[in-house]
Amino acid sequence: MRPYPVLLLTLTATVLAATGCQRGTAAAAAPAATAAQAAAADPLVAEGEYLVRIAGCNDCHTPGYSDRGGEVPRSEWLVGSPLGQLGPWGTTYPTNLRLSINALQEDEWLAYTANLHTRPLMPDFAVRQMREHDRRAIYRFVRSLGPAGDPSPKALPPGQQPPPPYLQLVLPDMAAAAQDQNPVQ
Ligand code: HEC
């Protein structure tokens with residue numbers, strides 16, 4: 001899919017309400033001791049945690065991560081988000097990686113992510129460019145957290161209005177049409 005130039009990222013007022021959307025928080029109850037033990041046993045687990053932090057996976061896949069300045073316990077990470085991402089591709093929802101990764105064997109994850117193709121706003125190109133070592137580390141870390149939460153809402157096709165909360169990407173032609181309707185005096 002070709003890259004979309006971002007003219008304007010419109011936050012609906014309801015997005016603010018979405019900051020209160022901590023879906024999965026209660027459900028994400030992997031014991032911290034398990035993650036700590038896994039990290040001690042396998043150095044790739046700590047590497048994976050670092051990569052998830054700096055590659056921004058939590059920004060979309062962890063509810064409330066940005067709002068809380070990244071101060072979210074690991075047990076709540078990557079459980080997916082009900083905040084829709086609306087654009088010409090329809091509406092997508094950051095998936096629950098705790099469920100999808102825990103459903104795959106390591107070699108399946110490596111094959112899948114080496115050729116990952118999704119809709120926006122997922123930066124699938126970044127995952128495809130990651131070294132196998134790094135994708136393996138992410139897998140080991142997320143596996144160490146265990147499964148948690150519920151599946152994210154299903155994506156909606158283009159042209160279908162999602163219920164709030166959602167983020168909307170407004171592109172140049174859409175913005176021009178809006179400008180024609182409401183010309184600046
Ligand atoms: C800008 C928001 C955003 C960021 C950052 C992001 N994702 Fe996603 N991700 C999404 C969305 C939205 C989808 C669903 C795409 C679709 O429905 O086609 C998705 C889907 C996926 C999928 C495919 C669905 C699945 O569960 O198997 C994987 C794998 C994935 N993301 C992994 C990651 C990883 C790893 C990172 C960090 C390197 C990351 N994502 C960062 C938004 C994001």
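1. Helix α3 (residues 43-54) and helix α8 (residues 132-145) have axes that come within 7 Å and cross at roughly 100°. That makes α3 roughly perpendicular to α8 (the term covers 65 to 115 degrees). The axes are lines fitted to C-alpha atoms over the stretch in contact, with angles from 0 to 180 degrees between N-to-C directions; helices are DSSP runs (H or I) of at least four residues, numbered from the N terminus.

2. A word on the basis: this is a predicted model, where local features need pLDDT of at least 70 and side-chain atom pairs pLDDT 80 or more, while totals for chains, interfaces and linings use all residues. Residues are numbered from 1 along each chain as its sequence is written.

3. On the α3 side, L44, V45, E47, G48, E49, L51 and V52 meet α8 residues including I138, F141 and V142 (contact: C-beta atoms, placed from the backbone, within 7 Å). The residues of this contact divide into eight nonpolar, two polar and five charged (Ala, Val, Leu, Ile, Met, Phe, Trp, Tyr, Cys and Pro count as nonpolar, Asp, Glu, Lys and Arg as charged, the others as polar).

4. Do look at the core too. The largest nonpolar core has 17 residues, and I138, F141 and V142 are among those with the most contacts inside it (buried residues joined through C-beta atoms within 7 Å; buried means 20 or more other C-beta atoms within 10 Å). Its largest share, six residues, comes from α8.

5. V142 touches G48, L78, L97, R98 and I101, leaving aside residues up to four places away in sequence.

Key
Helices (H or I, at least four residues) and strands (E, at least two) are DSSP runs, numbered from the N terminus. Angles under 35 degrees count as roughly parallel, over 145 as roughly antiparallel, 65 to 115 as roughly perpendicular and the rest as oblique. Two residues are in contact if their C-beta atoms, placed from the backbone, lie within 7 Å. A residue is buried if 20 or more other C-beta atoms lie within 10 Å of its own, exposed if 12 or fewer, and partly exposed in between; C-beta atoms are placed from the backbone.
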